Amino acid sequence: MGRKPSTAIKPSCDKRDCFANESGACQCLRNNDFWYRKDKSCPFYKSRAEYEKEIQRLKEKGPIRND
Ligand code: SF4
């Protein structure tokens, strides 16, 4: 089973080095118009290098335990 891939139109984005950018489109947001921010920049931007570093850090940290 699993989730069906979304067929929604992805918003375009010029931050090509962002982890969520694929062929000039954002793969994780439905709307990336941050008109209310002073500089109108996306608050979720993260370079692929930063993203990989964060993933590595979380892998080293291990699973979250509730005991
Ligand atoms: S998360 Fe923000 S910066 Fe990254 S691709 Fe999406 S809209 Fe662009």
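## A walk through the predicted chain

The protein chain has an average pLDDT of 92, and 96% of its residues score at least 70. The pLDDT is the predictor's confidence in each residue, from 0 to 100. This is a predicted model: local features need pLDDT of at least 70, side-chain atom pairs count only at pLDDT 80 or more, and totals for chains, interfaces and linings use all residues. Residues are numbered from 1 along each chain as its sequence is written.

Start with the elements. The protein chain holds 1 helix and 2 strands. Along the sequence, they follow the pattern β-β-α. Helices (H or I, at least four residues) and strands (E, at least two) are DSSP runs, numbered from the N terminus.

Now the overall form. The C-alpha atoms fill a box of roughly 40 × 35 × 25 Å along the principal axes. The radius of gyration of the protein chain is 15 Å, whereas a compact globule of 67 residues would have one near 11 Å. That radius is taken over C-alpha atoms, and the globule rule is 2.2 Å times the number of residues to the power 0.38. Buried residues make up 3% of the 67 residues. A residue is buried if 20 or more other C-beta atoms lie within 10 Å of its own, exposed if 12 or fewer, and partly exposed in between; C-beta atoms are placed from the backbone.

Contacts come next. Two residues are in contact if their C-beta atoms, placed from the backbone, lie within 7 Å. Of the contacts with a separation of 6 or more, 26% join residues 24 or more positions apart.

Turn to the ligand. Its surroundings include Cys13, Lys15, Cys18, Cys26, Cys28, Cys42, Phe44 and Tyr45. A residue is near a molecule or strand if its C-beta atom, placed from the backbone, lies within 6 Å of it. The shell has 9 nonpolar, 2 polar and 1 charged residues. Here Ala, Val, Leu, Ile, Met, Phe, Trp, Tyr, Cys and Pro count as nonpolar, Asp, Glu, Lys and Arg as charged, and the others, Gly among them, as polar.

One of the residues around the ligand is Cys18. Cysteine 18 sits in the segment before S1. It is buried because 20 other C-beta atoms lie within 10 Å. Beyond its neighbours within four places in sequence, cysteine 18 is in contact with Cys13, Tyr45, Lys46 and Ser47.

Two loop residues deserve a look. Most residues other than glycine have a negative phi. Serine 23 is not a glycine, yet its phi is positive, about 55°. Serine 23 lies in the loop between strand S1 (21–22) and strand S2 (25–26). It counts as exposed, with 8 C-beta neighbours inside 10 Å. Lysine 40, also not a glycine, has a positive phi of about 60°. Lysine 40 is in the loop between S2 and helix H1 (48–61). With 9 other C-beta atoms within 10 Å, lysine 40 is exposed.

At 1.5 Å a residue, the 14 residues of H1 should span 20 Å, and the end C-alpha atoms are 20 Å apart, which agrees. The expected span is 1.5 Å times one less than the number of residues. Glutamate 52 lies in H1 and is exposed, with 12 other C-beta atoms within 10 Å. Its C-alpha atom is 8.7 Å from that of phenylalanine 19, 33 residues away along the chain. Just after H1, glycine 62 takes a positive phi of about 85°.
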